Amino acid sequence: MLRYRGVSIWTVRVKAKKNVVLVGPMGTGKTTIGKLLAKELQFEFVDSDREIEARCGADIPWIFDVEGEVGFRGREKSVIADLSLRDAVVIATGGGAVVDPDNQRALKENGFIVYLHTSVEQQYQRTRKDRKRPLLRSEDPLSVLKKLMSVREPIYRSIADLIISTDTKRPKGVVRDIVKTLRASREETIER
């Protein structure tokens with residue numbers, strides 16, 4: 001683990017962007033941290049999954065049941081494209097949003113991407129009683145989480161400007177670390 005201006009983090013790539021995008025697997029706290037971060041930055045908060053539900057008038061499990069994952073991902077792509085064009089927004093993405101290369105490009109163009117990392121074991125503890133996660137409707141949700149992490153983690157890491165662990169930190173502590181890093185990165189960008 002690295003330290004960047006007093007913040008314990010794993011990776012930082014400095015750049016000035018207009019939005020903050022939270023990526024990571026389910027159960028990392030993207031929505032909780034996103035709401036707190038938006039308040040701190042005085043940005044709007046948007047959860048891409050809630051935006052999909054609002055636009056189609058149905059919840060995610062229903063979309064998966066009726067349209068399958070392919071239908072859901074198409075809707076997600078459209079929402080990500082729209083959200084990435086806005087300014088002063090904290091965007092919490094769905095765990096699989098980053099798998100699509102078009103989503104990666106759209107989010108990176110105008111967003112400082114924060115990968116909220118958590119262990120698979122912690123994900124399992126945080127999501128095991130949640131029946132609204134279609135990908136975890138399985139006899140062995142822990143195996144599903146492991147498989148998803150093995151596919152998605154390299155992508156999360158490759159697009160992230162900041163990687164921060166949420167395993168042992170409270171949401172407010174994670175927000176403080178993100179804000180410190182954002183402020184430091186903006187100062188460095190101005191100084192260059």
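This is a predicted model: local features need pLDDT of at least 70, side-chain atom pairs count only at pLDDT 80 or more; totals for chains, interfaces and linings use all residues.
## Valine 23 and its contacts

Once its neighbours within four places in sequence are left aside, valine 23 is in contact with Lys30, Thr93, Val98, Ile113, Val114, Tyr115, Leu116 and Tyr156.

## The nonpolar cores

The largest nonpolar core holds 31 residues, and the members that touch the most others in it are Val21, Val23, Ile52, Phe72, Val98, Ile113 and Tyr115. At least two residues of this core come from each of strand S4 (19–23), helix H3 (60–84), strand S6 (89–92), helix H4 (101–110), strand S7 (111–117) and helix H6. Apart from this core there is a second, separate one of 17 residues, which includes Ile33, Val90, Leu162 and Val175.

In soluble globular proteins, nonpolar side chains tend to be buried together.

## The chain as a whole

The protein chain has seven helices and eight strands, and of its 192 residues 47% are buried. Among the contacts between residues at least 6 apart in sequence, 75% join residues that are at least 24 apart. The accessible surface of the protein chain comes to about 9,800 Å², and carbon and sulfur atoms account for 51% of that surface.

How many cavities of 30 Å³ or more does a search of the whole structure find? The search finds one, and the volume of the largest cavity is about 40 Å³.

The lining of the largest cavity is formed by Pro25, Gln123, Leu145, Leu148, Met149, Arg152 and Tyr156. Helix H6, which spans residues 141–159, gives the most to this lining, with five residues.

Is lysine 77 buried, partly exposed or exposed? With a relative accessible area of 31%, lysine 77 is partly exposed, because that value lies between the 20% under which a residue is buried and the 50% over which a residue is exposed.

Leaving aside its neighbours within four places in sequence, lysine 77 is in contact with Asp100, Asp102 and Asn103. Lysine 77 and alanine 106, which are 29 residues apart in sequence, are 9.5 Å apart in space, C-alpha to C-alpha.

Notes
Residues are numbered from 1 along each chain as its sequence is written. Side-chain values use heavy atoms; hydrogens and water are left out. Helices (H or I, at least four residues) and strands (E, at least two) are DSSP runs, numbered from the N terminus. Buried means under 20% relative accessible area, exposed over 50%, partly exposed in between (1.4 Å probe, protein chains only). Contact means heavy atoms within 4.5 Å. Accessible areas come from the Shrake-Rupley method with a 1.4 Å probe; for residues, only the protein chains shown count as cover. On a 1 Å grid over the protein atoms alone, a cavity is a set of points where a 1.4 Å probe fits but cannot get out, and a pocket is an open set with protein on both sides within 12 Å along at least five of seven lines; lining residues have an atom within 4 Å of a point. Grid points are joined across faces, edges and corners, and a volume is the space filled by probe spheres set on the points. A nonpolar core is a set of buried Ala, Val, Leu, Ile, Met, Phe, Trp, Tyr and Cys residues joined through side-chain atoms within 4.5 Å.
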